[in-house]
Amino acid sequence: QVQLVESGGALVQPGGSLRLSCAASGLPFSSYTMGWFRQAPGKEREFVGRITYGSGSTYYADSVKGRFTISRHNAKNTVYLQMNSLKPEDTAVYYCAARARMTNDYNVWGQGTQVTVSS
């Protein structure tokens, strides 16, 4: 069974840090590009960033560039999202997703984890 499970969401104060994890099972993890997305209440889901298979190249949305870092540990089938200098506008449900090589769509999604940035 193909599955992505996010963890690490929490309530954090503005300026704080948080690390999310996404554990994958049932797929050849090292052959997948992994993405992070988020959805705030009343808003559409938006792309946060991604890390490719192979070289591990990363790309980020402008809204998080310089504050968020994506990494992966292929031996643990896990991708991480390190979030620093958090702002209230980062409050959202965060999702990880998997995209097979040579495809354009993320077709495996996790259930999401809530991140709330508030004092």
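**Loops, sheet and rings**

Tutor: At 78% relative accessibility, Met 102 counts as exposed, where exposed means over 50% relative accessible area, buried under 20% and partly exposed in between (1.4 Å probe, protein chains only). This is a predicted model, in which local features need pLDDT of at least 70 and side-chain atom pairs count only at pLDDT 80 or more, while totals for chains, interfaces and linings use all residues. Residues are numbered from 1 along each chain as its sequence is written, and side-chain values use heavy atoms, with hydrogens and water left out.

Student: Between which strands does the loop with Met 102 lie?

Tutor: Met 102 has a positive phi of about 65° although it is not a glycine. Strands here are DSSP runs (E, at least two residues), numbered from the N terminus. On that numbering, the loop that holds Met 102 lies between β9 (92-100) and β10 (108-109).

Student: Is Asn 77 buried, partly exposed or exposed?

Tutor: Asn 77 has its place in the loop between β7 and β8 (78-83), and its phi is near 50°, a positive value in a residue other than glycine. Its relative accessible area is 28%, so Asn 77 is partly exposed.

Student: Which strands stand at the edges of the open sheet of four strands?

Tutor: The order in this open sheet is β1-β3-β8-β7, with antiparallel pairing, and two strands pair if DSSP finds at least two bridges between them. Each edge strand has a single partner strand, so one side of each is left without a neighbour in the sheet; these strands are β1 (3-7) and β7 (68-73).

Student: Which residue in β3 stands opposite Gln 3?

Tutor: Strand β3 covers residues 18-25, and β1 pairs with β3 in the antiparallel sense over five bridges. The residue in β3 that stands opposite Gln 3 is Ser 25.

Student: How many degrees lie between the planes of Phe 37 and Phe 47?

Tutor: Rings of Phe, Tyr and Trp (its six-membered ring) pair if their centres lie within 6.5 Å, and planes under 30 degrees apart count as stacked, over 60 as edge-to-face and the rest as tilted. By this rule the count comes to five aromatic pairs. Phe 37 and Phe 47 form an edge-to-face pair, 5.6 Å centre to centre, and the angle between their planes is 75°.

Student: Which residues do ring pairs link into a cluster?

Tutor: Phe 37 is in strand β4 (residues 32-39) and Phe 47 in strand β5 (residues 46-51), 10 residues apart. At 10% relative accessibility Phe 37 counts as buried, whereas Phe 47 is partly exposed at 27%. The cluster linked by ring pairs consists of Phe 37, Phe 47, Tyr 59, Tyr 106 and Trp 109.
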